[in-house]
Amino acid sequence: MVTVQAIKTVGVVGAGAMGSQIAMVCALAGYPVILQDIEHKQLGESSQTLRELMDKKVRKGRLPSEEVEDAFSNITYTTNLNDLESADIIIEAIVEKLEVKRELFYQLSQIVPRHTVLATNSSTIVSSKLVDVVSYPEKMCNIHFFNPALVMDLVEVVQGEHTSGETAEKCMNFVRSIRKTPVLLKKEISGFIANRILGKLMDEAVWLYENGYATHEEIDLVCKKALNHPIGPFALMDLTGIDVNYFVRKQRYEESGDPKDKPASIVADKVAKGELGRKTGKGFYEYNEQGKRIEETV
Ligand SMILES: NC(=O)c1ccc[n+]([C@@H]2O[C@H](COP(=O)([O-])OP(=O)(O)OC[C@H]3O[C@@H](n4cnc5c(N)ncnc54)[C@H](O)[C@@H]3O)[C@@H](O)[C@H]2O)c1
């Protein structure tokens with residue numbers, strides 16, 4: 001009988017928006033976490049941002065301060081990739097560039113023991129695009145958290161053809177153990193489930209707007225009042241960054257060559273003008289310095 005090695009220590013690579021919060025989610029669940037980034041400065045910023053976020057949760061009574069302090073003491077920050085040697089699962093959350101991820105997984109594969117699960121949090125790059133650089137393909141998959149990881153409950157686990165059933169099961173159990181709801185995709189597809197569905201909604205919203213059927217405010221209003229969505233597609237694009245939508249479509253177009261996958265011209269125009277949404281003060285709507293919408297025309 002094969003013994004399945006338990007997950008005792010978690011490694012997270014990349015201490016940006018996603019990696020920092022993924023590390024904290026795991027630390028809150030009681031796992032020792034090694035959080036690695038190539039930038040020393042980024043580790044400091046990650047720790048500071050997490051401190052502000054978690055203090056706010058304590059002040060609002062959402063988490064007891066002892067639990068938060070225990071979680072902080074579970075996190076070790078490092079720039080040394082070799083420190084991940086003791087991790088039983090590693091979640092990669094670095095920049096969305098295929099070649100950079102491939103180089104990282106090659107290096108990781110030289111460092112970690114055979115039982116370690118190697119997972120990428122990428123939203124678009126499936127693990128089969130990375131798997132030829134690692135020694136044990138059966139231990140590799142996608143584990144896709146949503147932003148902000150501390151808040152969003154769902155996690156998509158994506159099994160490639162190379163991923164063993166045991167690894168998929170281990171990841172599903174791991175996600176449950178960090179108090180999230182996992183869904184297993186038994187076959188790989190870029191974008192996975194949530195973002196593919198959201199993408200279709202966004203495309204239709206942009207098409208209706210570009211073709212003059214309604215304004216972006218009206219389309220957002222319909223989605224909120226008729227479909228009960230908490231936020232309309234244009235307000236959501238402003239929130240996540242219009243450039244994110246643009247780069248996802250650009251990447252898909254480059255892969256498929258299908259003109260239908262090209263970024264919509266209204267989106268490309270906004271990106272060219274630097275109107276990227278809330279983070280630049282203007283996107284489909286305008287925002288003040290606190291990130292609040294300036295004018296609500298509907
Ligand atoms: N931002 C989102 O909404 C979101 C949601 C789900 C998944 N993702 C995925 O998560 C990943 C990270 O996204 P993010 O928004 O946190 O990015 P980010 O730019 O905020 O953070 C990336 C971090 O990786 C570090 N880094 C870059 N190269 C590295 C290397 N070789 N080794 C170690 N660290 C390295 C950078 O210094 C940076 O701190 C991407 O693959 C993205 O597709 C993002």
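This is a predicted model: local features need pLDDT of at least 70, side-chain atom pairs count only at pLDDT 80 or more; totals for chains, interfaces and linings use all residues.
**View 1. A cluster of three aromatic residues.** Tyr209, Phe234 and Phe284 are joined into a cluster by ring pairs. In the whole structure, a search finds six aromatic pairs.

**View 2. The ring pair of tyrosine 209 and phenylalanine 284.** The ring centres of tyrosine 209 and phenylalanine 284 lie 6.3 Å apart with the planes at 75°, so this pair is edge-to-face; planes over 60 degrees apart fall in that class.

**View 3. The ring pair of phenylalanine 234 and phenylalanine 284.** The rings of phenylalanine 234 and phenylalanine 284 have centres 4.8 Å apart and planes at 75°, so this pair is also edge-to-face. Phenylalanine 234 is located in helix 8 (residues 233-240), and phenylalanine 284 in the segment after helix 10; the two are 50 residues apart, and their pair links distant parts of the chain. Both phenylalanine 234 and phenylalanine 284 are buried.

**View 4. Arginine 51 over phenylalanine 72.** The ring of phenylalanine 72 has the charged end of arginine 51 sitting over it, at 4.1 Å from the ring centre.

**View 5. Arginine 293 over tyrosine 285.** Here the charged end of arginine 293 sits over the ring of tyrosine 285, and the distance to the ring centre is 3.6 Å.

Notes: Residues are numbered from 1 along each chain as its sequence is written. Side-chain values use heavy atoms; hydrogens and water are left out. Rings of Phe, Tyr and Trp (its six-membered ring) pair if their centres lie within 6.5 Å; planes under 30 degrees apart count as stacked, over 60 as edge-to-face and the rest as tilted. Helices (H or I, at least four residues) and strands (E, at least two) are DSSP runs, numbered from the N terminus. Buried means under 20% relative accessible area, exposed over 50%, partly exposed in between (1.4 Å probe, protein chains only). A charge sits over a ring if NZ of Lys or CZ of Arg is within 6 Å of the ring centre and within 35 degrees of the ring normal.
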